[in-house]
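I opened this model to look up its nonpolar packing and its charged pairs. My notes follow.

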Amino acid sequence: MTDSGHGWGDAEQAQFTGALIEQLSRCAWLGDASSRRSLADSLGLPPHLFEAPLPTFRVELAKQICLNPRELCDRLVQRVSWYSPEDAHALVERIAPYLAAYPEAGTNHVPVPQEKDGTNGKETHRLLLPHPLPDDLHHRATTLLAQVSGIDLPELREHIGHELGIPVPREPATVLALFKELLEYNAPPDKILPCVVLVEWTALRLSDETAAQACRAWAEEWARSQVCLPALERRRERRENHRADPDIPRCLLIMVEPDEDSGDITVRYWINGLAGTWAPRAGDLTVTRLDGLSRAVENALVEGEHLWDPARPDADSEHLLPPYVEFILPYRMLNHDVARLEIGAGGPGATAIGPRYCVHLRSLDRMRIYHTDPITRNRWRSRWRELHRRGPHLQHWAHDDGVPLEQWTGSLAHHPHGAAPFTALALDAPCRGSSGLTALKRAIAEGFGLALWDRRGGLEPRTRETLAELLNNTGSARGVPRRIQAMRVRAEADVSGEAFLGRHVACFWDDPERVVDCQSARPTAEEAFR
């Protein structure tokens, strides 16, 4: 084969590219747009790469790495290790033979895992670089942070992770230990090191103003020495201008993607750790069967509960929304009884998640086109804003009402001048192949984000009345999730609760301001045959 000009022949380069794409297709966290952005930034790649669809991103990333594999593979392994040490280890094993055979490449050009560093016994794969601080600044920072106490470390990690767009290690048990861990992390494009961002956030959380000022002075001195004080000040300005949004909850989002051919389901999840700020972090991908969904949800909830600890200071507010558990589902699964999934299934403490959390349904099909279909996006956001501005204005769909579906659909899209548009829907259960599902699809296409139904079937008069009363008696749209949860709690507590609507009510609550990048994690046909 002819040499490609990059050190390998054409055949070797094609094999390396295929191997890299194969490993990247196994990195579930790449499904999150912020993770792709972080990875592309760390490799110095152009923005159009992380804005591309996931399969395209994997292919283009591999091609870019082929241009300079000796340097970029080291950076790639380091960044992958932040998200998943297991993925990093698998990546090293897969690409090491290719790099070892790369012309003029010695062993220094093959990423090698470090020895175990005490972080739960896991191997890390970061580059063996000296810390980036001058000795005097390093000593002063460690002296300052060694005296810090009383800071909520999970909250501190969430703030740092949100600002930097990276997962922050959970293993360190003190601010100083986290600082030492972040010393190994590369700087983002504005050159402000992650360890400096930690010192800045520590200053904001300290009650001792003298200690806080010492932290700020340290960060300023470092920034002046690196000629990046303006960048530090811009970060401070953004923090000061940030205002918590009371409508953003602590949240677990669970995407379920069924495979018709195999009968498997792919489960992915994201966790938003702090109320008031939307910064969901992607979790692991699981392939299971439908009867394994409860276990997958429980595993994700365990991770979420670590972040939602009720002993944390931000959990005391009576206005704090309870954690949401939201299922992002394809149309044909929207009537699945997710609120009755059990935690601790099979044990003495088994309990349904519906009474314990605000459990909602969301549309996978619509969320997937959020960034590419401006008509759908604008309708959705407009209807949602109207819902929160005026409160729920209820429309109904019941097959037995005898209203032609086309005529009914027109009532969603058009309303008389001066009349409020419909913003909520009560309907027949959207079972597969039913007119209820067709009606829900049309409502979603028209931008509806709130719909309620009885999973057992038709919209009976009693159900219609109960749902209308629930919405009419809710002070604002923001209160709907709590009211639905309260219905479920009452039904669960009553010995005859099986007959109550609270056991069977489904709540479609699809907020266009809180989306995740839920592209398919499955490799494309092209990738699968590489």
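Predicted model: local features only at pLDDT ≥ 70, side-chain atom pairs only at ≥ 80, totals over all residues.

Leaving aside residues up to four places away in sequence, I found Ile160 touching Val168, Leu178, Leu182, Val197, Leu198 and Trp201. Ile160 and Phe179 have the most contacts inside the largest nonpolar core, which has 71 residues. I also noted a second, separate core of 44 residues, with Leu307, Ile353, Leu405 and Trp408 among its members.

Next I looked up the charged pairs; the structure holds 33 salt bridges. I picked out Arg236 and Glu220, whose side chains meet at 2.6 Å, N to O. Arg236 lies in helix α12 and Glu220 in helix α11, so this pair ties together parts 16 residues apart in sequence. Arg236 is buried at 17% relative accessible area, while Glu220 is partly exposed at 22%.

I then turned to Arg362. Which residues pair with Arg362? Glu326 forms a salt bridge with Arg362, with the closest N and O atoms 3.1 Å apart. Glu326 is in strand β4 and Arg362 in strand β7, so the pair links parts 36 residues apart in sequence. Asp510 also meets Arg362 in a salt bridge, at 2.7 Å, N to O. Asp510 sits in the loop between β11 and α20, so this pair ties together parts 148 residues apart in sequence. I checked burial: Glu326 is buried at 0% relative accessibility, Arg362 is buried at 0%, and Asp510 is buried at 0%.

Last, I recorded that salt bridges with shared partners join Glu163, Asp190, Glu200, Glu220, Arg235, Arg236 and Arg239 into one network.

Notes:
Residues numbered from 1 in each chain as written. Heavy atoms only, no water. Core = buried A, V, L, I, M, F, W, Y, C linked by side-chain atoms within 4.5 Å. Buried < 20%, exposed > 50% of the residue type's maximum accessible area, 1.4 Å probe, protein only. Contact = heavy atoms within 4.5 Å. Salt bridge = Lys/Arg side-chain N within 4 Å of Asp/Glu carboxyl O. Helix = DSSP H or I, 4+ residues; strand = E, 2+ residues; numbered from the N terminus.
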